[in-house]
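Student: I'd like a close look at one part of this model, starting from a simple bonding question and then moving out to the surroundings. Could you take me through it in one go?

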Amino acid sequence: MGASGHTQQMDISKRYTAGVLKYAQMGYWQPAYEPKESDVLALFRITPQEGVDPEEAAAAVAGESSTATWTVVWTDRLTACENYRAKAYKVEPVPNNPLQYFAWIAYELDLFEEGSIANLTASIIGNVFSFKPLKAARLEDMRLPLAYVKTFRGPPTGIVVERERLDKFGRPLLGATTKPKLGLSGKNYGRVVYEALKGGLDFVKDDENINSQAFMHWRDRFLYCMEAVNRAAAATGEIKGHYLNVTAGTMEEMYQRAEFARELASVIVMVDLVVGWTAIQSLSNWCRDNDMILHMHRAGHGTYTRQKSHGVSFRVIAKWLRLAGVDHLHAGTAVGKLEGDPMTVQGYYAVCRESVTPVELPRGLFFRQDWGGMRKVMPVASGGIHAGQMHQLLDLFGDDVVLQFGGGTIGHPMGIQAGATANRVALEATVLARNEGRDIRHEGPDILASAARHCKPLQAALDTWKDVTFNYASTDTSDFVPTPSVS
């Protein structure tokens, strides 16, 4: 396309003549635009069809995610259309990928309803991903202006208050997912929970698809789990918890289950991402009103976050969930069985835990994000991890994280309680070594081996899983790899 195709049509008589104009000519490509502090900014990765130049493709994304349609409509003139048009203001090639481009788009704040993730997502991702001029599109990152952030309530509890309620400081929290996640009776399910908590874990959790099935009604599970929590707390003198999954077919049923969890004195409930943004925000409000921690399982996210060319990056989902108001969020392990490049996963953790998220291109963070004092989300590392990786997990993620060893607890050869003890001893030995100034990244195996000489459950865990790794190439990796400096 020639340069004229990128120029906004300023002649009003021609701009609003019935017919079709290119999106850039309609005003959605504005390379001279300087984004305002109050603008919502979005970064898309776009793959234009052959014959569609990247500026026009970016303008199309801006138009179709704001005010445009495929043809000129004179009713634009009944609005403040110059303000309401989204503005694609920069396009750059993706490093090492000549067919893809990064497109920066600015949106006027007035385009969005305050405090509504449903409205935000309907605007930003509601239509453009099926647009034929694009082979693929991916929402990589967003900058939410402080004025918009302050319209959301955010996490109902936050990291600081959670630690105070649990009386647990100076180390990661330990958890596990009950296994098998489907098929156990309520009583046997509760036995698993008790053994894991008594052995040294802080939490046990329901998995994403355990709701209320024929083999175990939800009420039975809640009763047996809370009996296990109370017995383990009495036996150990520690505050314990179980993530009771209140996910259900209707909002009314979810509230009923949450209310029952509160009556049983649970400190935490859980919900799945698949319930939708409105349900998540509603349950978050309930948790705030009832002093309950809200655990978010990101069930289903991989269908649109994993592929690098099309979908929505999980860093964006994490930002939306912090606004929506969750206290815990599964954010990847980097060393476990699930997708996650270490640098990229650390970027997700920064979104959850920082007061101001800085620009860090190697971690996939394209924008500085000021959270305006919003409470922080506790990331959760879960999926294919075991005690032999404790030093790696602590080095990667620090203290403010829940480390969940499901199979790595319940699959222990000496039993569930021994599996929990192995994880607790491995954690405390590694934290102690770090606090003493040792290099846990490199000395970790020796630290764990030394601790295992005095703990048979840890030794058994190391012997059982020492060679287990999931060293597959990640599909979602950074496009910006640090270059070694010249010495």
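How many disulfides does the structure hold?

Tutor: The structure holds zero disulfides, taking a disulfide as a pair of cysteine sulfur atoms within 2.5 Å. Cys225 shows this well: the nearest cysteine sulfur belongs to Cys287 and is 17 Å away. Cys225 is buried, at 0% relative accessibility, where buried means under 20% relative accessible area, exposed over 50% and partly exposed in between, for a 1.4 Å probe and protein chains only. Cys455 is buried too, with a relative accessible area of 9%.

A word on the ground rules before we move on. This is a predicted model, in which local features need pLDDT of at least 70 and side-chain atom pairs count only at pLDDT 80 or more, while totals for chains, interfaces and linings use all residues. Residues are numbered from 1 along each chain as its sequence is written, and side-chain values use heavy atoms, leaving out hydrogens and water.

Leaving aside neighbours within four places in sequence, the contacts of Leu139 (heavy atoms within 4.5 Å) include Phe44 and Trp320, along with Ala42, Ile124, Phe129, Gly311 and Val316.

Thr430 is another buried residue, at 1% relative accessibility, and its place is in helix 17, residues 416-435. Beyond residues up to four places away in sequence, Thr430 touches Met390, His391 and Leu394, as well as Ile440, Ile447 and Leu448.

Two helix pairs are worth a look. Helix 9 (residues 218-236) and helix 10 (residues 251-263) have axes 10 Å apart and pack at an angle of about 20°, so helix 9 is roughly parallel to helix 10; angles under 35 degrees count as roughly parallel, over 145 as roughly antiparallel, 65 to 115 as roughly perpendicular and the rest as oblique. On the helix 9 side, Trp218, Arg219, Phe222 and Leu223 meet Glu253, Gln256, Arg257, Phe260 and Ala261 of helix 10. In the second pair, helix 13 (residues 314-324) and helix 14 (residues 342-353) cross at roughly 15°, with axes that come within 9 Å. Helix 13 and helix 14 are therefore roughly parallel to each other. Phe314, Arg315, Ala318, Lys319 and Arg322 of helix 13 make this contact with Thr344, Tyr348, Val351, Cys352 and Arg353 of helix 14.

A cis peptide bond, with omega about -10°, joins Lys179 and Pro180, and Pro180 lies in the loop between strand 5 (173-175) and helix 8 (186-198). Asp167 is not a glycine, yet has a positive phi of about 60°; Asp167 is found in the loop between helix 7 (158-166) and strand 5 and is exposed, with a relative accessible area of 57%. Ala265 also has a positive phi, near 70°. Ala265 lies in the loop between helix 10 and strand 8 (268-272), and at 54% relative accessibility Ala265 counts as exposed. Helices (H or I, at least four residues) and strands (E, at least two) are DSSP runs, numbered from the N terminus. Axes are lines fitted to C-alpha atoms, for helices over the stretch in contact, with angles from 0 to 180 degrees between N-to-C directions.
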